[in-house]
Amino acid sequence: ITEKKKKDPPIGKPMRSSSGGKAYKVYVRDPKTKKVKTVRFGSGGLRAKINNSKARAAFSKRHNCPQKKDKTKASYWSCRLPRYAKLLGLKSSFSGFW
């Protein structure tokens, strides 16, 4: 009997989350354990103001975005949300940090 190998989830590609109360999720490979883990991020109820440059700057400052380097943390992905706007169906002409 051939065992069907479970398809690996797309690593590092944020997507809308349907469960867990968060707006988005992304699969990352944990460098320590080599396992794939799900990182949920983004507030379910809030709308990201990624087209408002003042709001972006405030967010980046408030969250200290340039220091966020750990892909296994939600903060990393929240800081990079505008980069993935197209994947998530958000309207944005902006890439980079908030």
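Me: In which loop is Asn51 found?
Reply: The model is a predicted one, in which local features need pLDDT of at least 70 and side-chain atom pairs count only at pLDDT 80 or more, while totals for chains, interfaces and linings use all residues. Residues are numbered from 1 along each chain as its sequence is written, and side-chain values use heavy atoms, with hydrogens and water left out. Helices (H or I, at least four residues) and strands (E, at least two) are DSSP runs numbered from the N terminus. On that numbering, Asn51 is found in the loop between E3 and H1.

Me: Is Asn51 buried or exposed?
Reply: The classes rest on relative accessible area, with buried meaning under 20%, exposed over 50% and partly exposed in between (1.4 Å probe, protein chains only). Asn51 has 51% relative accessibility, and therefore counts as exposed.

Me: What distance separates the C-alpha atoms of Asn51 and Pro82?
Reply: Along the chain, Asn51 and Pro82 are 31 residues apart.

Me: What pattern does the protein chain follow when read along the sequence?
Reply: The protein chain contains two helices and three strands. Reading along the sequence gives the pattern β-β-β-α-α.

Me: Which residue in E3 is the bridge partner of Tyr24?
Reply: Strand E2, residues 22-29, pairs with E3 in the antiparallel sense over seven bridges. In E3, the bridge partner of Tyr24 is Phe41.

Me: How many aromatic pairs does a search of the whole structure find, and how is the pair of Tyr24 and Phe41 classed?
Reply: Rings of Phe, Tyr and Trp (its six-membered ring) pair if their centres lie within 6.5 Å, and planes under 30 degrees apart count as stacked, over 60 as edge-to-face and the rest as tilted. The search of the whole structure finds two aromatic pairs. For Tyr24 and Phe41 the centres are 5.5 Å apart with 40° between the planes, and this pair is tilted.

Me: Why do Tyr24 and Phe41 count as buried?
Reply: Tyr24 counts as buried because its relative accessibility is 4%. For Phe41, which is also buried, the relative accessible area is 2%.

Me: Why is the pair of Tyr76 and Trp77 edge-to-face?
Reply: The ring centres of Tyr76 and Trp77 are 5.0 Å apart. Their planes lie at 75°, so the pair is edge-to-face.

Me: Which residue has its charged end over the ring of Tyr76?
Reply: A charge sits over a ring if NZ of Lys or CZ of Arg is within 6 Å of the ring centre and within 35 degrees of the ring normal. Tyr76 is buried, and the charged end that sits over its ring, 3.8 Å from the centre, belongs to Arg80.

Me: Which cysteines form a disulfide, and how is their link handed?
Reply: A disulfide is a pair of cysteine sulfur atoms within 2.5 Å, and the count comes to one. The sulfur atoms of Cys65 and Cys79 are 2.1 Å apart. With -85° about the S-S bond, the link of Cys65 and Cys79 is left-handed.

Me: Which side chains meet in a salt bridge?
Reply: A salt bridge is a side-chain nitrogen of Lys or Arg within 4 Å of a carboxyl oxygen of Asp or Glu. A search of the whole structure finds one salt bridge. At 3.2 Å from N to O, the side chains that meet are those of Lys73 and Asp70.

Key: Pairing = 2+ DSSP bridges.
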